[in-house]
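Dear colleague,

I am handing over the structure below, and I would be grateful if you could look through it before reading on.

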Amino acid sequence: MIYSTEVQNMCPVAKGAYHGPAPIPEEGKWVQAKEIKDISGLTHGVGWCAPQQGACKLTLNVKDGIIEEALVETLGCSGMTHSAAMASEILIGKTLLEALNTDLVCDAINTAMRELFLQIVYGRTQTAFSEGGLPIGASLEDLGKGLRSQVGTMFATKEKGPRYLEMAEGYCTRIALNKDDEIIGYEFVNLGKMMDAIKKGVDANEALEKAKGHYGQFDAAVKYIDPRHE
């Protein structure tokens, strides 16, 4: 190590007491994190690319500094879905520091990794006060039984008004309108349930009908419209 002349000519002054870093909450314990292996927790990060064409929600479950579980959800960019596929292979088994300094193929995913890293090293994780944290596989609960991301897609114009295209419940097939042409409910298809039924041998049309549901005052509507074609 090289010291400047100015430092070499300084007289030594003793360093006072050292109490270490402030403890952060991790999986129900207070931890003084000094090394990457001291970090554990499950949390989420949201990122975006420079043109803000797409976004990524990244969920990681970290145990002793190692990424044991990754859930990569993307929105708005077709290329990002392929990047997510690669990122899912890249992330698992890496330390948090390795993942932060790895090209995760897409800037939105890289940004999500940065935001997640900040939360987890400052003790702001979802499992900060959960003793033992969450088991590997816990992020799948965010997807529900159909194992599909919670997506909302709406389109609207001043001329023709809003169209509900997809809700958390599923793919919107019909919008219910009252006598003033105001939306009072919608019909949806749970695509996860539909595909599960088809895989079990149920006829596609029957599976479609069984996977349908509705929300709001759907039965009281004066008319129904297809949000994609009317």
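Predicted model: local features only at pLDDT ≥ 70, side-chain atom pairs only at ≥ 80, totals over all residues.

Residues are numbered from 1 along each chain as its sequence is written, and side-chain values use heavy atoms, with hydrogens and water left out.

Helix α4 covers residues 107–121, and its 15 residues reach 21 Å from the first C-alpha to the last, close to the 21 Å expected at 1.5 Å a residue (the expected span being 1.5 Å times one less than the number of residues). Its buried residues are Ala108, Ile109, Thr111, Ala112, Met113, Leu116, Phe117 and Ile120; here buried means under 20% relative accessible area, exposed means over 50%, and partly exposed lies in between, with a 1.4 Å probe and protein chains only. The cover over these residues includes β1, β3, β4, β5, α2 and α3, where contact means heavy atoms within 4.5 Å. After α4 comes Gly123, whose phi is positive, near 75°.

Two residues other than glycine deserve a careful look at their backbone. Most residues other than glycine have a negative phi. Glu27, however, has a positive phi of about 50°; it sits in the loop between β1 and β2 and is buried, at 9% relative accessible area. Val105, in the loop between α3 and α4, has a positive phi near 80° and is partly exposed, at 36%.

Turning to charged side chains, the count comes to 12 salt bridges, each being a side-chain nitrogen of Lys or Arg within 4 Å of a carboxyl oxygen of Asp or Glu. Lys57 and Glu73 meet in one of them, at 3.3 Å from N to O, and because Lys57 lies in strand β4 and Glu73 in strand β5, the pair ties together parts that are 16 residues apart in sequence. Asp142 also meets Lys57 in a salt bridge, again listed at 3.3 Å from N to O, and this pair links distant parts of the chain, with Asp142 in the loop between α4 and β6 and Lys57 in strand β4, 85 residues apart. Lys57, Glu73 and Asp142 are thus linked in a network of salt bridges, in which Glu73 is buried at 11% relative accessibility, while Lys57 is partly exposed at 26% and Asp142 is partly exposed at 29%.

Finally, there are 5 aromatic pairs, meaning rings of Phe, Tyr and Trp (its six-membered ring) whose centres lie within 6.5 Å, with planes under 30 degrees apart counted as stacked, over 60 as edge-to-face and the rest as tilted. Tyr164 and Tyr186 form an edge-to-face pair, 5.9 Å centre to centre with 75° between the planes, and they join strand β7 to strand β9 across 22 residues. Tyr164 is partly exposed at 22%, whereas Tyr186 is buried at 6%.

Conventions:
Helix = DSSP H or I, 4+ residues; strand = E, 2+ residues; numbered from the N terminus.
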